[in-house]
Amino acid sequence: MAKDSMLSGMGNLSPDAAKMSDAKSRVSMKDLAALLRFTGTSKFSIVLLILAAILSGGLQVVAPAFLGATIDNMGEAGNVDLKYLGIRASILLGMYLVAAVFTWVVSYFANVVAAKTALEVRKALSKKLTRLPVSFYDTHPQGDTATHFINDTDAISEGMLQGLLNFFTVMVTILGTVGFMVFISWKMTLIILPMAFLMIWSATTIAKTTTKYFKSQQNLVGSISGDVEENLYGRKEIKAFGCEDKFLDSFREKNDRLNKSSVTAQFASSLPNPVTRFVDSTTYILIGALGVWFGGLTAGNITTFILYWKNFSKPINDLTNITTQVMAAFASLSRVFKILDLPEESEDPTTDEKSASSEKATSELNEKHSGEGEVLFEHVTFGYTSDKKIFDDFSLCVEPGQKVAIIGPTGCGKTTLMNLLMRFYEADGGRILIDGKDIREIPRSELRRRFGMVLQETWLLERSIRENIAYGRPDATDEEVIAAAKAARAHGFIKRLPDGYDTIPGKEISLSEGQKQLLCIARVLLMDPDLLILDEATSAVDTLTEKRIVEAFDNMTRGRTGFIIAHRLSTIAGADQVISLGAAKTK
Amino acid sequence: MKKYKHILKECRPYRLEFILGPAAKLFEAILELFLPILMGKIVDTGFSSDSRSFIVRTALLMFGMAAMGLAAATVCQYCAARASSGVGARLRDRLLTQVNSLSVAQQEKCGVSFLNVAMTSDVNQVCTGVSMFIRLVFRAPFITLGGIVAAIILDAPMSVVIAVGSTLFLVTLLSIIRVTFLRYKIVQKKLDGISGVVNERLSGIRVVRAFSREKHHQDLTDEASEAYAEETISVARYSALLRPITILIMNAAVVFVLWVGGYRIQSNIITTGMLLTFINYIFSIFDELNKLGNLVVIFSRSFVSAERIEGVLEMVPEKREPETGDEAEDHDDKAIVKMKNVSFSYLSGKEDSDEYYAIKDVSFELRKGEKLGIIGTTGSGKSTIIALLLRLYEIDKGHIYVGGKSIAALPDSELREKMAPVFQTTVLFEGTIRDNLNIGRKEPLSEEEIKARCEVAQAWDFICEKGGLDARVEPKGKNFSGGQRQRLSIARALCTEAEILLFDDATAALDKDTSAKFSAALGEHVKTHHRTVVEISSKINEIADSDWIIVLDNGAVVGQGKHDALLSECEAYSRIAASQEMGGVE
């Protein structure tokens, strides 16, 4: 197909041979069956595609025989039946036209089905991402998850496309061709079939040898890319310490080796073309010479056989490319299903309760600061892994409106406290109560809405400041957004930005860490939460900015229960309770 | 062609390959064109006892030609591999040398990732172009034209059918490829769109959950996925045409050859065997044209890459004319480092606006063995001062003197030999710890000296734990913790013989104890080695003992003097002090 032939293969440093060795996967029928679930609405298209593929494959078998028969039957020189020829030629044209239409149906619907399936897989993944517990995100690097979403899904789609495009047509063509060949001349069939195997054998043998060379080349390429990256990454150091030449020497030595190894690798990888062409020519000669030699074959028969040989050699030539893509697709498929099969967050309380409690939540929202916000930790036990307890029988009572500071060395569980309160993680033992209610009985969204959280890492969307502040309440009015910004001490600098509240941070202008943090505080203030969590929110800013953030925070905590996690003592001055956590206990 | 002069220059050493390769391919193509003619002869002769030896001879001749073709093609492939690998290696070398000769400002203006792409994937793309050029560029047109010429010789009217068919085929092929290729760029953008929303969603998972906005992000992701799927399908509307239409044109050409051929056979101008020859030409020609279509796409990519590479090679490294005249020397020889009314903007050219200045009208002087402290909030221009002292950037106004000479009058190497920096973000290089420590030296330092200096940097203990000076440092030093990396980069600076040490928030990643031990050890070291120190810090207690302190705010000096004086006189300084004394730092 246009798309893949344009974009794959021929790549200088990643030929099919090298790719093939990466796709270490087995065809799993279970995964394939599971994939069918995602074809949903496309089932009709698939049936249509298979029918069209069978018909177009069939025509590819019939047309050469028809062509050959025409050559033989139109008559000798001076005696050609032009009328017969005209009719036969028109029929042949018609056949090719119909075959083209069928081929188009196969091509188009293969693309559609592949794209729609990819879409369904992505939607399923997207839904899954919503339901996976936070622990998944903490243990899986962001890049990996994004890769599953983007590249693996694309690989699935690409493999499906190749499979749908080729599998049915090739099956029908090859089976049909063999049948017709035997019918016309079994002797010739005995010559052509071994040549087909010879072609497959030579192509795969060369590919295997090439893989070996490409592996050693690939290592050098990686090493050189590393050098290049280092040279750029450490550009200031290299200049400051005047060691440009040292770097150049080591680079040159590797570059030299790469050059040598690349000649071998590229030469080997470019051999399949001429070799298959040679096998192709040899077969062609054999068809002609032996066909005539055995005496059984007419000019028409020879034409038919040459066309049949093309029916064979084309898919064989594409074979490596297609299998590579299909294998890669299976590997991707199993990675994607691994994610889709992961356990999800436990269900929230049943719908009845939910609607009732969300009504309650709305009424709660109306009667703010009614002195609520009592938090109780009762004999809480928790560890990220079973052998290392972060909390062991931890109890804490926070009265409404109190400000609690949590301090302690790295790894002592300060952030864990927040993870448990927000139900990012569930406690292993004991329970946590908010206003007398076990947090496991409150739907997550409602529970989380009651908390306002500011983290060390500022996370803003690449959208306007207004949208960022209104992130939790997209329906907030401009006045409410501005009021929140003012309370967060952010209004001043926002006003001075080129587009004010419409400025897009990160794109048009880069904000300082402190400014970003103030925006995060404004975002929380707009939610008007009952309880607040400030997790190391000032550790990335200088002390003057910190003071401003603390002021904004003080402003915010007035009348609300607040948890402040910090390692700087200055941040936690004025707390009602200070909890000092020790290092994690190992069992 | 002038546009690609640097790349062409690197191709020149491979002149032989560029000529021999295509020549060998041409030879193969000529042999290939003879095969259908000989085949036609065999078919026309037919089988009889007389024709036996003719058939055997012809078949052997054909086989010999195919074998010679294979040999010629092998020669060509080898030439292509040699030329493309060689050109790649030469280009990488040229690019790296060029990039190193650019100033840091120029490198940053280009964009570091841009340079990285130019040196890696762009070079590869050009290599592919070179290889394809040698292997295929001449083959396709030659087979096409050769086939048509051979057909003309055999029978002119039949060749018209082939010529018309080929032209129609090529035009259709190229226009479909063109459309899909252009639309494919849109598809790529939509894919980037998915990547954007997914990454945003993943990076902020806690905030997303805290605000219960999962559904919102799920919707955004689904929208992006849908837009991508839609665009893919809309491209398929064109790309799906390619295979059926091109095959149809080819088959139609065969039918027309048959049809017209029937008339020519009737008139006894051609034989049935020749008809076969024509049909075979159609197959070979259309096969080559198909490859040519793919080639167009590969080449258009290679050209884009080539332009980027040319762009980098075209850049002129900043010429640094040594300054002469009155300002070249500072006659106050007691000062080892001196800044006089220095202003600098990262956006030079926009000088009209004072707002863009990173530092503005900064003056200070420092004598040998003294310590200068620089303090200020983030973004106040502290780090810029160090970069300017090292002349990583050119100042816009004022003068900087080091050792009594204007830095503009000193060669870069001489200037940088006098100074050793510890930057805010530490960069270690792949290799051994020893390599990293000796990086600024011509002669490696003795074992004992390295140990002594690493002890000052509080790095010796963990170096021993890692297995000594010959322990590996992985790329970017990722097998060391942030604090360890910082201590190694301090040790690296101490291991030079530089008179002036520049510290940019060099203890930010160290805990209070370690950083206190280091301060004490550094004091000793500086005294015995007679070194001058410029230290940037955000912590007042680290610079309080300086001989001179500069307080920066928004690039301007808002106070300078000694600690005690500044406390009472400089408001900004006392405010910072107050904010840090609230409960002590840490």
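This is a predicted model: local features need pLDDT of at least 70, side-chain atom pairs count only at pLDDT 80 or more; totals for chains, interfaces and linings use all residues.

Trainee: How much of chain B counts as buried?
Mentor: Of its 586 residues, 47% count as buried. A residue is buried if 20 or more other C-beta atoms, placed from the backbone, lie within 10 Å of its own; 12 or fewer makes it exposed, and in between it is partly exposed.

Trainee: Ok. What radius of gyration does chain B have?
Mentor: Chain B has 36 Å, while a compact globule of 586 residues would be near 25 Å. That radius is taken over C-alpha atoms, and the globule rule is 2.2 Å times the number of residues to the power 0.38. The C-alpha atoms of chain B fill a box of roughly 115 × 60 × 55 Å along the principal axes.

Trainee: And which domains is chain B divided into?
Mentor: There's domain 1 (1-140 + 300-317), domain 2 (328-418 + 501-553) and domain 3 (424-497). The bounds come from an automatic or database domain assignment. Between the C-alpha centres of domain 1 and domain 2 of chain B there are 54 Å.

Trainee: How many helices and strands in chain B?
Mentor: 20 helices and 12 strands. Those are DSSP runs numbered from the N terminus: helices are H or I with at least four residues, strands are E with at least two.

Trainee: New topic: where is B:Ile576?
Mentor: In helix α20 (residues 571-581) of chain B.

Trainee: Why does B:Ile576 count as buried?
Mentor: Because 24 other C-beta atoms lie within 10 Å of B:Ile576.

Trainee: What does B:Ile576 touch, beyond neighbours within four places in sequence?
Mentor: Its contacts there are A:Thr543, A:Leu544, B:Ile375 and B:Ile540. A contact needs C-beta atoms, placed from the backbone, within 7 Å. B:Ile375 is 201 residues away from B:Ile576 in sequence, yet their C-alpha atoms are 9.1 Å apart.

Trainee: How many residues go into the contact between the chains?
Mentor: 130 residues from chain B and 118 residues from chain A. On the chain B side, helix α9 (residues 214-266) gives the largest share, 29 residues. That side has 66 nonpolar, 44 polar and 20 charged residues. Ala, Val, Leu, Ile, Met, Phe, Trp, Tyr, Cys and Pro count as nonpolar, Asp, Glu, Lys and Arg as charged, and the others, Gly among them, as polar.

Trainee: And the largest nonpolar core, which residues have the most contacts inside it?
Mentor: The core has 245 residues, and that group includes A:Ile469, A:Ala522 and B:Val257. Helix α5 (residues 82-131) of chain A supplies the largest share, 21 residues. A second, separate core of 74 residues includes B:Ile375 and B:Ala420. A nonpolar core is a set of buried Ala, Val, Leu, Ile, Met, Phe, Trp, Tyr and Cys residues joined through C-beta atoms within 7 Å.

Trainee: Back to B:Ala420, what is its bridge partner in β9(B)?
Mentor: B:Leu501. Strand β6 (residues 419-422) of chain B pairs with strand β9 (residues 500-504) in the parallel sense over 4 bridges; pairing takes at least two DSSP bridges. Both faces of β6(B) are covered, with B:Met419 and B:Pro421 buried on one side and B:Ala420 and B:Val422 buried on the other.

How values were computed. Residues are numbered from 1 along each chain as its sequence is written. Chains are lettered from A and ligands numbered from 1 in the order in which they are written. Two residues are in contact if their C-beta atoms, placed from the backbone, lie within 7 Å.
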